[in-house]
Amino acid sequence: MGKTKDKSGPLARRPDNSAFKQQRLPAWSPMLTANTVLPFFYLLAVVCMLLGVWLLLLVQSTQEIKLDYTDLGNCNECFDLRRNVSNAAQACSCRVEFSIDKSLKGDVFFYYGLKNFHQNLRRYMDSRDDGQTLGRIKILKNPSTYCAPFDKDKYGVPIAPCGAVANSMFNDSFSLTYHLSSGRSVPVPLLRTGLTWYTDKNVKFRNPRTDNLTLAEVFEGTRPPLYWQTPVYSLDPRDPNNNGFINEDLIVWMREAAFPNFKKLYGILNRADPNFEKGLPKGNYSIDISYNFPVQHFQGRKGVVLTTLTWFGGQNHFLPIAYLVTSSLILLAAVVLTVAWWKFGKDGKNMKE
Amino acid sequence: MLICFSYDFPNISGVFLIRIFLNFNFLQTNAIKTSKYNFFTFLPLNLFEQFQRIANAYFLVLLVLQLIPEISSLSWFTTVVPLALVLTVTAAKDATDDIFSFQADLLLLSSSEPLNLVYIETAELDGETNLKVKQALPVTGDLGDDIEKLADFNGKNQRWCIYSITSTLLFALILQIFGSLVFMCTILAIGNYIWEVKNGSNFTVFLQREDSAGFSAFLTFWSYIIILNTVVPISLYVSVEIIRLGNSFYIDWDRKMYYSRSDTPAEARTTTLNEELGQIKYVFSDKTGTLTQNIMIFNKCSINGKSYGEIRRLNAGFKPKTHKDPVDFSFNALADPRFVFYDHTLVEAVKLENPEVHAFFRLLALCHTVMAEEKKEGELHYQAQSPDEGALVTAARNFGFVFRSRTPDSISIVEMGNQRSYELLAILDFNNVRKRMSVIVRSPEGKLSLYCKGADTIIYERLHQSCSKLMDVTTDHLNEFAGEGLRTLALAYKDLDEEYFSRWRERHHEASTSLEDKESKLDELYEEIEKDLLLLGATAIEDKLQDGVPQTIEQLAKADIKIWVLTGDKQETAENIGYSCNLLREEMKDVFVVLGHSPEDVRQELRNAQNAMKPDGAANSLLLTEEKSENLLKDEEANGEYGLVINGHSLAYALESSMELDFLRTACLCKAVICCRVTPLQKAQVVELVKKYKKAVTLAIGDGANDVSMIKAAHIGVGISGQEGMQAVLSSDYSFAQFRFLQRLLLVHGRWSYLRMCKFLRYFFYKNFTFTFVHFWFAFFCGFSAQTVYDEWFITLYNLMYTALPVLGMSLFDQDVNDVWSFQHPQLYIPGQLNLYFSKTAFFKCAVHSCYSSLVLFFIPYAALQDTVRGDGKDVADYQSFALLTQTCLLFAVSIQLGLEMSYWTAVNTFFVLGSLAMYFAVTFTMYSNGMFLIFPSAFPFIGSARNSLNQPNVWLTIILTSILCVLPVVTCRFLLIQLCPTINDKVRQAKATPPPPPRRSRIRRTSSRRSGYAFSHAQGYGDLVTSGRFLRRPAVPRASGFPQVGRAATGFSPMGRSAGYSPTGRPQNLKVPDVEVTSLQMYRTFSDGAP
């Protein structure tokens, strides 16, 4: 089968004496011996234990406040109002109050959260057009059929941004107020930009090139998604640079969550304000909510989360605990293996034939 | 006139094209077209054929499913890229095969000759110049030359049998996998139905759906079929082929299976059977030319009470201990230069004109039925009936008694340079009962003498009393010779009285012309004259074993491989070789010899043997286990070591359907089985019998055309190459030059191939099941919507790029212990025979392991990412980050698992494993880069995911945690198993810490009192022919002539990936094999030729 070489002589067909062909390549043959496995297990158990403890301390040092406002307080009325789709255009606002017992130090992040909202359904996830949100002019008015039935309205007017994802964008808005013990109320300033991945804001999402046109003019000939109250070019009335496809709320929403319960970043405490230089002081707070997003349809809940972070992220106890559990499992296995080795395998007793 | 079809088999696709060609007058050309494709037809034809393969068709269906938007859960490229790659590789292979195919297979339909025979010269194919006899199938042969009938003839396509145990298992497993695939998809479809009813209907505000929940479930089923199809990835087939090819190349490249004397490397002629080499349970071996070199050497002799012969060791392969100069025969111009003798005293005795020595060699020169050919002056060429005779006559020739020529009534010899012509008065021929032959000659001086040679016991009975002293001495010598495994003959002579002889001659003439009872009358006459003989001495001939045969057989026996020798030789010869090659041993409790001449006798002998070996043995009916409508004979253990020798005529009864189980049971209880005097057809029948009732892999090894049937019948056929004939090699799967290479082929290459293939399959299923099951768990979180867990590019490249090379590297390089240790502990071979490494249990374990790993790989990232954000508060719990995290965890977990599987880390393996991981990151970062997204926004939506999530410590902590949890139970279990119940492999690997002992070259010496067989062989002698004068100048007909259906030509079946699917004793041939009449003269051949 091998190539015949142009050798001649009595040993013309003798195979080469290379280590590869003779299967004699130098190699390392590791084995599971007591000398390697047992120390490794004990070491690993210790490492996991230390890691677990350290992470646990880290996570414990963060603070988190969760509020489910679906039907909390006077939001109950809005909840009932949103039951009926025909009232969608009707505004509704409510207020929830809470207090912070221990000040949240450092950067404070404000999230909104949804439960039982399946952003990970295949047909839902497919229902978007990245070409359109990339600002491609041709696609802007001719969105992909993947967006159907949210690609065009019944008059054939293209929807921008198209698709079920954009259409279902979360549209509650919040304003947080700090009630000083003196009775004075101070609005808590939230940064509403810098919420997205750099790549999303600068590469993945772009507005169509304006060429001296205003954003509204560029989007002329398209219409906002059916459920939207405002067109995409005026999502943020305060910051003209946060409009169109690069609106950060839109970008955050368009990064679909992996699981049906998720939270998304709404704003970051602006610590430039002297009242909140060190974070959120303890005291009473209230959130005024413009209650728009209906959750009854999917039997969901919605809420807000205020949290501080470490380099490790937010308050998720899973990893530290998992490391501690793993550490004890390894230790248990190590002990069992040691016993087995001591009783049976030591001195190679069982290896004798 | 010859009517033929030419046809080719594409690999295993089962399609074949039939073309009619040949020499009818109205057809213009009789050129044989052997290639299937030309430049233009290649692509369409090849694609057409490939899509007929069930696997490829399956993937085509998947591709079509993906084109339906409602179903498509993956982009088209996830299937197209692998499919295209597989098709390209296969097409390339087919093209190469087509270009290099040179053999036209002819299907012989009919012939004008009687019995539908044709004679074929195959010199261009196999170098054998004689004519080979082939016979057409009776069913087509009966149609004669009626073209219309032939054209209408509808041949039944034989079912393709995949007999290979691994392949059968694999096939069954793949069916099961498909079953579980459908099962999983059904569960998920039901889940989808429930979800749609409970949740989905509420969600329609955000995601409109016109279909009913039932229809949605239906579509989901197909969507999941697409997603989960990776349980049986198409690349499995390609990888298996590559591994088999690689392991075949190792066989070709092995220097230790290269025979320098004939410049013959080993050759793997098929690439599909390597792993079965590691599972061989039965080896069927030919004797002559396979175990022995078929070279008879005049080794020693005893003349008048003096023993001659050098003190050389018997097994001459290893260097003789004593280096003596061979005797110089230059004094004799007619000496055969190839003849070597080391004892100078004998030639001195000849030169000193010792009368006994002269008589001894005169007898050898006169008393035989050899014929001489002298093409050029002084260049003698002997044609002997048996190599033994040739050896004796050649010995006489070199010692100065040159047999030169014969006529029906004279023999010319050159005695010490003097030409003398003896008148040949009678040949008292050899037969099985007489066990001797004699000639009566008149010397030129007119002296009448009878020269007799034969079995020592027979000769001794007929000696004159005066020899009794000489007898004792000679008996000692004979025992000595026999103990060394030499074949002995005693020689005797007597001078005859002229008057007595003339009377005897008249009576002889009467008897030989009488019509009644001729044989017994002749026997009486012979008996009468062959008495009062004077003992001359004895010869000892070595039937030279090939080098290392006893050691090989011992090794194979230790590996629990049963060796059956199937030989055409007669019983004594075969038994003798059995002893000298260590197959039969003195220590054996008993060696049963079955010689019965009637069915009852044979059955009784077999039963007796069974009872002796297994006194409490159950009745036969209980021994069969029904397994899938197949009857299998259980393996049994005898109460000691036994051997069985069965003769051809008894075997014929034993192979009858009423007795075959008795025979098989007896034979399987024995350590060694020798079947002697068997026909080629019987050889194949024995193999078929074992295949039929034993779930075991069989291997047949042989060198000649008469072994072809056996070689084809066995699962694996091995041909001894480098000899004159090529037929055995051409029909074999593996070929090499020496029998001793068999142990390397099985214990090293076979074992490694099997191990590698099993490791490969186990790991391959593990990695794909794990990959796929994660989707299953995710379904419960994504509303059973057939959303994938991973990025589509990852799904496309997982099998092709990220995990292909590491597992290939393992399957090409892995060795649990090296070859020295494999030889040291042949027991390492046993797990393969029991198919322990890849059984249903192993597969089930592998599935459970995957299930565990997939749970870890889904739920750990799920819990770790759920509700988590990056260190800067931004999103990391999004789908894309989760997909990236899970696929990275998966890749790490399967790579580490591979590392655990691998017991032989070469630099290449390290490079492949690390390279694949590096490749993964390189490709991932490229696919997720800005540039790719800006070119194809819809194909690369994962832009930035890698940069934004892989810089997070908690992502890496998750990866480490999943890796630890995936590996932890595996290491724990393996370590515990090694400690508590170590396998033979563990023990050997443990012992390996010490340097391997030097390879043993223990010489097996037999000290035996057994009297060795006498040096006649085969059938009735040819004295009649020699004296009849009918013999000269007729072309020799080959030894294959007794068996007309040997070549592939006659059977019209060329199994390319043949897993012994071919059965030469199968239906048509079995019906009736009219023997081609063998005239006695055809049995003559030059004795350099291999014997049957």
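**Close-up 1. Asp707(B) and its neighbours.** Leaving out residues up to four places away in sequence, Asp707(B) touches Asp286(B), Lys683(B) and Gly702(B). This view, like the others here, comes from a predicted model. With Lys683(B) there is also a side-chain to side-chain polar contact of 2.7 Å. Look for Asp707(B) in the loop between strand E25 (697–702) and helix H23 (708–713) of chain B. Its relative accessibility is 0%, so Asp707(B) counts as buried.

**Close-up 2. Asp286(B) in its loop.** Here we are in the loop between strand E7 (280–285) and strand E8 (292–303) of chain B, where Asp286(B) has its place. Is Asp286(B) buried or exposed? Asp286(B) has a relative accessibility of 0%, so it counts as buried. Beyond its neighbours within four places in sequence, its contacts include Leu566(B), Thr567(B), Lys683(B), Asp703(B), Asp707(B) and Met710(B). The side chains of Asp286(B) and Thr290(B) are joined by a polar contact of 3.4 Å.

**Close-up 3. Four annotated residues.** The unreviewed UniProt entry gives the feature "binding site" at Asp286(B), Thr288(B), Asp703(B) and Asp707(B). These residues span 422 residues in sequence, but no two of their C-alpha atoms are more than 10.5 Å apart, so they gather at one spot.

**Close-up 4. Arg244(B) and its polar partners.** Follow helix H9 (residues 235–253) of chain B to find Arg244(B). At 11% relative accessibility, this arginine counts as buried. What does the side chain of Arg244(B) make a polar contact with? The partner is the side chain of Glu275(B), at 2.7 Å.

**Close-up 5. Aromatic pairs.** Over all chains, the structure holds 96 aromatic pairs. One of them is the tilted pair of Phe110(A) and Tyr266(A), with 5.5 Å from centre to centre and 55° between the planes. Phe110(A) belongs to strand E5 (residues 108–115) and Tyr266(A) to strand E9 (residues 262–269) of chain A, so this pair ties together parts that are 156 residues apart in sequence. Phe110(A) counts as buried at 1% relative accessibility, and Tyr266(A) does at 4%. Tyr879(B) and Phe942(B) form an edge-to-face pair, 6.3 Å centre to centre with 70° between the planes. This pair links parts of chain B that are 63 residues apart. Both Tyr879(B) and Phe942(B) are buried.

**Close-up 6. Charges over rings.** Lys302(A) lies over the face of Tyr291(A), 3.6 Å from the ring centre. In chain B, the charged end of Arg397(B) sits over the ring of Tyr382(B), 5.4 Å from its centre.

Definitions and conventions:
Residues numbered from 1 in each chain as written. Chains lettered and ligands numbered in written order. Predicted model: local features only at pLDDT ≥ 70, side-chain atom pairs only at ≥ 80, totals over all residues. Heavy atoms only, no water. UniProt positions renumbered as here; feature names shortened; annotations may be inferred. Helix = DSSP H or I, 4+ residues; strand = E, 2+ residues; numbered from the N terminus. Buried < 20%, exposed > 50% of the residue type's maximum accessible area, 1.4 Å probe, protein only. Contact = heavy atoms within 4.5 Å. Polar contact = N/O pair within 3.5 Å; in protein donor to acceptor, adjacent residues only side chain to side chain. Phe/Tyr/Trp six-rings, centres within 6.5 Å; stacked < 30°, edge-to-face > 60°. Lys NZ or Arg CZ within 6 Å of the ring centre and 35° of its normal.
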